[in-house]
Amino acid sequence: MKVYTKTGDRGTTSLIGGERVFKSDERVEAYGTVDELSACAALLNDFMRDEAALAEYVGQLNWILSRLMSVEAALAKGGEESSKIKPLPEEIVSWVEEHIDALQAEVRPIDKFTIPGGNKAVSLCHVCRTVCRRAEREALRADQKYGVDPVALKFLNRLSDYFYLLGRRLTDYFEVEEILWIP
């Protein structure tokens, strides 16, 4: 089977369920940005994979990557056949919240914004955070027009906080200076 189909040459693509839409459709923008987030998170995972002490976070990111594929599917629904896609379980939101709480307990409290940087993995956490926030905004636009699984929206909202705190935790792990924004 060829990778290219030529069916998108006029700017359209198929959603799950067969509905053809323009590639600029809000749903395509949303799941495309979640796909971008997945690629960023996979790269972050690759930066951490060789550090045995970070195995816990590598495992968490593997779990997240799988759930991001489910979020993409939820965002790509269109047409009658898409009703076969099951709603996302609420447990994925509570899982992220539990891991956010655990990360927050491991880092010192701050009352200022952090400036990204100091280490490639730390900076990539912030890339993931910002791409996640964009994915959430695009998913909200899709929701306003078509309706989106509410669990997908909650998951993306929490996930940006997870990446922020993972970045703070990795700042400690890699012993780089955490620079706070002081206006």
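**Notebook: salt bridges in a predicted model**

**Entry on Glu178 and Arg168.** I looked up how these two side chains relate, and I found that Glu178 and Arg168 meet in a salt bridge, with 2.6 Å from N to O.

**Entry on the general idea.** I reminded myself that side chains of opposite charge can pair when their charged atoms come close.

**Entry on Glu26 and Lys145.** Which residue forms a salt bridge with Glu26? I found that the partner is Lys145, and that the closest N and O atoms of the pair are 3.7 Å apart. This pair links distant parts of the chain, since Glu26 is in helix α1 (residues 26-48) and Lys145 is in helix α4 (residues 120-146), 119 residues apart. I also checked how open each one is: Glu26 has a relative accessible area of 24% and is therefore partly exposed, while Lys145, with 53%, is exposed because the cut-off for that class is over 50%.

**Entry on Glu90 and Lys154.** Next I looked at the side chains of Glu90 and Lys154, which form a salt bridge with an N to O distance of 3.2 Å. Here too distant parts of the chain are linked, with Glu90 in the loop between α2 (55-75) and α3 (91-106), and Lys154 in helix α5 (residues 150-173), 64 residues apart. Glu90 counts as partly exposed at 39% relative accessibility, and Lys154 also counts as partly exposed, at 34%.

**Entry on the whole set.** How many salt bridges does a search of the whole structure find? I wrote down 11. I also noted that Glu19, Asp25 and Arg27 are linked in a network of salt bridges.

**Entry on the chain as a whole.** I then stepped back and recorded five helices and four strands in the protein chain, which follow the pattern β-β-α-α-α-β-α-α-β along the sequence. The chain has 183 residues, of which 43% count as buried. Among contacts between residues at least 6 apart in sequence, 75% join residues at least 24 apart. Finally, I looked up the charges, and I found that the mean positions of the 24 positive and 30 negative charges are 6 Å apart.

How values were computed:
Residues numbered from 1 in each chain as written. Predicted model: local features only at pLDDT ≥ 70, side-chain atom pairs only at ≥ 80, totals over all residues. Heavy atoms only, no water. Salt bridge = Lys/Arg side-chain N within 4 Å of Asp/Glu carboxyl O. Helix = DSSP H or I, 4+ residues; strand = E, 2+ residues; numbered from the N terminus. Buried < 20%, exposed > 50% of the residue type's maximum accessible area, 1.4 Å probe, protein only. Contact = heavy atoms within 4.5 Å. Lys, Arg positive; Asp, Glu negative; His and termini not counted. Charge placed at Lys NZ, Arg CZ, Asp CG, Glu CD.
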